[in-house]
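User: I have this model open and want a quick tour of the side chains. Can we start with the rings?

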Amino acid sequence: MKIYQFRTGTGLSASLDRLDDLWREIRNSQTLDDSQIVRSREAAAMVATARWMYNSGLQRQETRGMHKREDYPQQDPNQQYRLLSGGLDKI
């Protein structure tokens, strides 16, 4: 297994690949019984949120606030806008 620096495009992409695999696994799984419905929905929500965050982090190619990129260490004055992220299977 290769180890990538987390806060780079390569590291974010590698993590997103794993999250996308996990999302496909969650989407295709079935809850065994009613007692696990809440837990399985919570897990799906956490994976969905992580995928939105990582996709947004890849799009924002700068360092701003708590978003730190080792491959883009400076702020970019041209990126003073919001990123809206959504979707489930396709973000």
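User: How many aromatic pairs does the count come to?

Analyst: The count comes to 0 aromatic pairs. Keep in mind that this is a predicted model.

User: OK. Which ring does the charged end of arginine 60 sit over?

Analyst: The ring of tyrosine 81. The charged end of arginine 60 is 5.2 Å from the centre of that ring.

User: And which side chain does arginine 60 join in a polar contact?

Analyst: Glutamate 62, at 3.1 Å.

User: Where does glutamate 62 lie?

Analyst: In the segment after α2.

User: Is glutamate 62 buried or exposed?

Analyst: Buried, because its relative accessibility is 0%. The cut-off for buried is under 20%.

User: What is glutamate 62 in contact with, leaving aside neighbours within four places in sequence?

Analyst: His67, Arg69, Tyr72, Gln74, Gln75, Asp76 and Gln79.

User: Threonine 63 comes next. What does threonine 63 touch, not counting residues up to four places away?

Analyst: Lys68, Arg69, Tyr72, Pro73, Gln74 and Gln75. Threonine 63 also lies in the segment after α2. Its relative accessible area is 12%, so threonine 63 is buried.

User: Which backbone atoms lie by a polar atom of the threonine 63 side chain?

Analyst: The backbone nitrogen of arginine 69 lies 3.0 Å from a polar atom of that side chain. The backbone oxygen of tyrosine 72 lies 2.7 Å from a polar atom of the threonine 63 side chain.

User: How many Å separate the C-alpha atoms of threonine 63 and leucine 16?

Analyst: 19 Å. Along the chain, threonine 63 and leucine 16 are 47 residues apart.

User: New topic. Which residues make up the largest nonpolar core?

Analyst: There are 6: Leu12, Leu16, Leu19, Ala50, Tyr54 and Leu58. Helices α1 (9-28) and α2 (37-59) each supply at least two of the core residues.

User: What do the buried residues of α1 pack against?

Analyst: They pack against α2. Gly9, Ser15, Asp20 and Trp23 are among the buried residues of α1. In turn, the buried residues of α2 pack against α1. Those of α2 include Ala44, Val47, Arg51 and Gly57.

User: Why would residues three or four places apart point the same way?

Analyst: An α-helix has 3.6 residues a turn, so residues at that spacing point the same way.

User: What should the 20 residues of α1 span?

Analyst: 28 Å, at 1.5 Å a residue. The end C-alpha atoms of α1 are 28 Å apart, so the two values agree.

User: What does alanine 43 count as?

Analyst: Partly exposed, because its relative accessibility is 31%. Alanine 43 has its place in helix α2.

User: Last one. Where is threonine 10 found?

Analyst: In helix α1. Threonine 10 is partly exposed, with a relative accessible area of 45%. C-alpha to C-alpha, threonine 10 and aspartate 71 are 9.4 Å apart in space. In sequence, threonine 10 and aspartate 71 are 61 residues apart.

Definitions and conventions:
Residues are numbered from 1 along each chain as its sequence is written. This is a predicted model: local features need pLDDT of at least 70, side-chain atom pairs count only at pLDDT 80 or more; totals for chains, interfaces and linings use all residues. Side-chain values use heavy atoms; hydrogens and water are left out. Rings of Phe, Tyr and Trp (its six-membered ring) pair if their centres lie within 6.5 Å; planes under 30 degrees apart count as stacked, over 60 as edge-to-face and the rest as tilted. A charge sits over a ring if NZ of Lys or CZ of Arg is within 6 Å of the ring centre and within 35 degrees of the ring normal. A nonpolar core is a set of buried Ala, Val, Leu, Ile, Met, Phe, Trp, Tyr and Cys residues joined through side-chain atoms within 4.5 Å. Buried means under 20% relative accessible area, exposed over 50%, partly exposed in between (1.4 Å probe, protein chains only). Helices (H or I, at least four residues) and strands (E, at least two) are DSSP runs, numbered from the N terminus. A polar contact is a pair of N or O atoms within 3.5 Å; within protein, one must be able to donate a hydrogen and the other to accept it, and residues adjacent in sequence count only if both atoms are side-chain atoms. Contact means heavy atoms within 4.5 Å. The expected span of a helix is 1.5 Å times one less than its number of residues.
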